[in-house]
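Subject: Handing over the structure

Hi,

Here is the structure I promised to pass on. Have a look at it first, and then read my notes below.

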Amino acid sequence: MTEQPTGAAPSGAAPVASDDADLAIRTDGLTKRFRSGQVAVAGIDLRVPRGAVYGFIGPNGSGKTTTIRMLLGLVRPTSGRAHLLGGAMPEAGADVLPRVGALVEGPAFHPYLTGRANLARLDASDATADPRTARQRADEALERVGLAAAAAKPYRQYSLGMKQRLGLAAALLRPRELLVLDEPTNGLDPQGTREVRNLVRELADHGTTVLVSSHLLAEIEQVCSHVGIMSGGHLLLQGDRAELTGRGLPRLSVQTSVDHVGAAAEVLTGMGLTDVQAAGHTVSALLGAVPPEKVSAALVHAGVDLLGLEVRRPNLEQIFVELTGEGFDVAR
Ligand SMILES: Nc1ncnc2c1ncn2[C@@H]1O[C@H](COP(=O)(O)OP(=O)(O)OP(=O)(O)O)[C@@H](O)[C@H]1O
């Protein structure tokens, strides 16, 4: 992929919080151009408020992992700046990173050690951790991610989902101010995905800020207080999730009998609703400022069988499609 010009609003739309003390993560013009010439991240201005669950979402290849690696000081930006918990990265890494738990691709686990032993090894490399309580910390972390039963199995026998859970357990060995989780639901079944969502919710309830990336919007949308949407290295949109979805135009759908579909469409058009679409038993249109009860009264008045009527605001995926003109789950 080459740098993707985007017709949509560039990064930096709607800052979420202006005061730096309120931000767990802040980037300004953060950019990564690889040696191949590929611009993976094209000048993004992230604003992750403290206490937020920030869904960092975008299709495969949109630049999420590269951004996360820059945040953690694993990749050097070509230009721009990143601040984590108020410290400039990578310079402030030694001070900041012990307060940050991270799940990024390919954590260094030893294949022949058990899950528990792997955690013990990581724990031992943390100079601030009390060795007398190491076993307890490892067991608690394994318990939290549902790996207690597999604690004594060697890592090489773990499934992808179990490996992912162990990565999460490693991030949870100590209480953290900020958790950065890159695709934590990768390889997990629906039950595992639900568990990760619950865990994120629970951590947030205890005041941890969480940045969680995913290419599956629907998987994490419901747990996020804030979202940032990436496409082709650009941050298309970010902000409070409820505000972003509230911005979308509501669409009204009417269920009727097949032979009344044409009449229903005429009523909607006559009332000034736009983008009227008919399919099967359903006619839908953008509602605009027309009250839905007026529409139902007009339909009944016109003799249309009214079998159902609902108004829906678009979810984030529909907003993404509107912004980019492309499906969300497209690999690029
Ligand atoms: N080391 C590298 N050298 C060259 N190009 C790279 C490198 N790492 C990533 N890229 C490219 O940068 C773009 C962004 O990749 P990145 O992994 O950041 O995306 P992503 O949104 O995390 O995707 P995914 O959801 O698939 O993990 C991709 O086109 C990728 O091929």
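Let me start with a hairpin. E5 and E6 form a hairpin with two residues between the strands, and there Leu 85 takes a positive phi near 50°. In these notes, strands (E, at least two residues) and helices (H or I, at least four) are DSSP runs, numbered from the N terminus. Leu 85 itself sits in the loop between strand E5 (79-84) and E6, and it has that positive phi although it is not a glycine. Most residues other than glycine have a negative phi, and most peptide bonds are trans.

Before going further, a word on what you have: this is a predicted model, where local features need pLDDT of at least 70, side-chain atom pairs count only at pLDDT 80 or more, and totals for chains, interfaces and linings use all residues. Residues are numbered from 1 along each chain as its sequence is written.

E5 and E6 pair antiparallel over three bridges; two strands count as paired if DSSP finds at least two bridges between them. Ala 82 has Met 89 as its bridge partner in E6. Ala 82 is also the partner in E5 of Thr 27, as strand E1 (residues 23-33) is joined to E5 by five bridges and the two run antiparallel.

You will find Pro 90 in the loop between strand E6 (87-89) and helix H2 (93-96).

Now the overall layout. The protein chain is divided into domain 1 (20-246) and domain 2 (249-312), with bounds that come from an automatic or database domain assignment. The C-alpha centres of the two domains lie 45 Å apart.

Four bridges hold the antiparallel pair of E13 and strand E14 (residues 282-286), and Thr 282 in E14 is the bridge partner of Ala 279.

On to helix packing. Two packed helices are described by the angle between their axes and the distance between the axes. The axes are lines fitted to C-alpha atoms, for helices over the stretch in contact, and angles run from 0 to 180 degrees between N-to-C directions. Helix H3 (residues 115-124) packs with helix H4 (residues 134-144) at about 125°, with axes 9 Å apart. H3 and H4 are therefore oblique to each other (under 35 degrees counts as roughly parallel, over 145 as roughly antiparallel, 65 to 115 as roughly perpendicular and the rest as oblique). H3 also packs with helix H5 (residues 160-171), at an angle of about 30° and with the axes 10 Å apart, so H3 and H5 are roughly parallel.

Which residues come nearest to the ligand? Of the 14 around it, they are Phe 34, Ala 40, Asn 60, Thr 65 and Thr 66; a residue is near a molecule if its C-beta atom, placed from the backbone, lies within 6 Å of it. Helix H1 (residues 64-71) gives the most to this shell, with three residues. By type, the shell divides into three nonpolar, ten polar and one charged.

Over to you, and enjoy browsing.

Cheers

Key. Nonpolar A, V, L, I, M, F, W, Y, C, P; charged D, E, K, R; others polar.
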